[in-house]
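Welcome to this short briefing. Please take a look at the model below, and then read on for a guided tour.

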Amino acid sequence: MSMTDPIADYLTRIRNACMARHSKVDIPASNLLKKVTQILQDEGYIRSFTTVEDSKQGTIRIYLKYDKDKKPIIEGISRASRPGLRQYVGVKKLPRVLNGLGIAVMTTPKGVMTEKKAKQASVGGEVLCYIW
């Protein structure tokens, strides 16, 4: 089965694993998804991740993070831009997620980054997803 939107699949797998209180989730790897996962780790939304190599494209194994009451750190995760409707923003219209409590992950000419880093770098781009 071919996948038309691997980013939506990535977000759905993380969302479902958090709701089911799994400790880890495996996702088919790509360079873009590795960069998004690195951002999630840098921002403190996941514990860690590893890449498992196989004969195909490989797998990203993400270890999820929970608080002391076993509530997931990722409360919400949603896709912004999708294949049927791309959402591009300029540097003056960068999104804010929950008044700065969440992050927006973007692809820019300078790479994949959060909206805060895009504002510092003074670049716009395509908004991939919102995480809070």
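A residue is called buried when its relative accessible area is under 20%, exposed when it is over 50%, and partly exposed in between (1.4 Å probe, protein chains only). Lys70 is exposed by this rule, because its relative accessible area is 59%. This is a predicted model, in which local features need pLDDT of at least 70 and side-chain atom pairs count only at pLDDT 80 or more, while totals for chains, interfaces and linings use all residues. Residues are numbered from 1 along each chain as its sequence is written, and side-chain values use heavy atoms, with hydrogens and water left out.

**The sheet**

- Helices (H or I, at least four residues) and strands (E, at least two) are DSSP runs, numbered from the N terminus.
- Two strands pair if DSSP finds at least two bridges between them.
- Three strands make an open sheet in the order β1-β3-β2, and their pairing is antiparallel.
- At the edges sit β1 (24-28) and β2 (46-52), each of which pairs on one side only.
- On average, neighbouring strands of this sheet are turned by 20° against each other, direction ignored; axes are lines fitted to C-alpha atoms, for helices over the stretch in contact, and angles run from 0 to 180 degrees between N-to-C directions.
- Five bridges link β1 with β3 (residues 59-64) in the antiparallel sense; Val25 stands opposite Ile62 in β3, and Pro28 stands opposite Thr59 in β3.
- β2 and β3 run antiparallel and are joined by six bridges, with Ser48 having Tyr63 in β3 as its bridge partner.
- The hairpin formed by β2 and β3 has six residues between the strands, and Gly58 in the turn shows a positive phi of about 95°.

**The helices**

- Contact here means heavy atoms within 4.5 Å.
- Helix α1 (residues 6-19) lies across β1 and β3 and runs at about 165° to β1.
- Helix α2 (residues 31-42) also packs on the sheet, where it touches β1, β2 and β3, and its direction makes about 155° with that of β2.
- How far apart are the end C-alpha atoms of α1? They are 20 Å apart, which agrees with the 20 Å that its 14 residues should span at 1.5 Å a residue; the expected span is 1.5 Å times one less than the number of residues.
- In α1, the buried residues are Ile7, Tyr10, Leu11, Ile14, Ala17 and Cys18.
- Seen down the axis of α1, these buried residues fall within an arc of 130°, so they line one face of the helix; the arc is that of the directions from the helix axis to the C-beta atoms.
- The cover over the buried residues of α1 includes β1, α2, β3, β4 (77-79) and β8 (125-131).

**Arg79 and its contacts**

- Arg79 has its place in strand β4.
- The side chains of Arg79 and Asp5 are joined by a polar contact of 3.1 Å (a pair of N or O atoms within 3.5 Å; within protein, one must be able to donate a hydrogen and the other to accept it, and residues adjacent in sequence count only if both atoms are side-chain atoms).
- The Arg79 side chain also reaches the backbone oxygen of Ser81 at 2.4 Å.

**Residues with positive phi**

- Lys70 lies in the loop between β3 and β4, and its phi is near 65°, a positive value in a residue other than glycine.
- Ser122 is not a glycine either, yet has a positive phi of about 60°; Ser122 lies in the loop between α3 (115-121) and β8.
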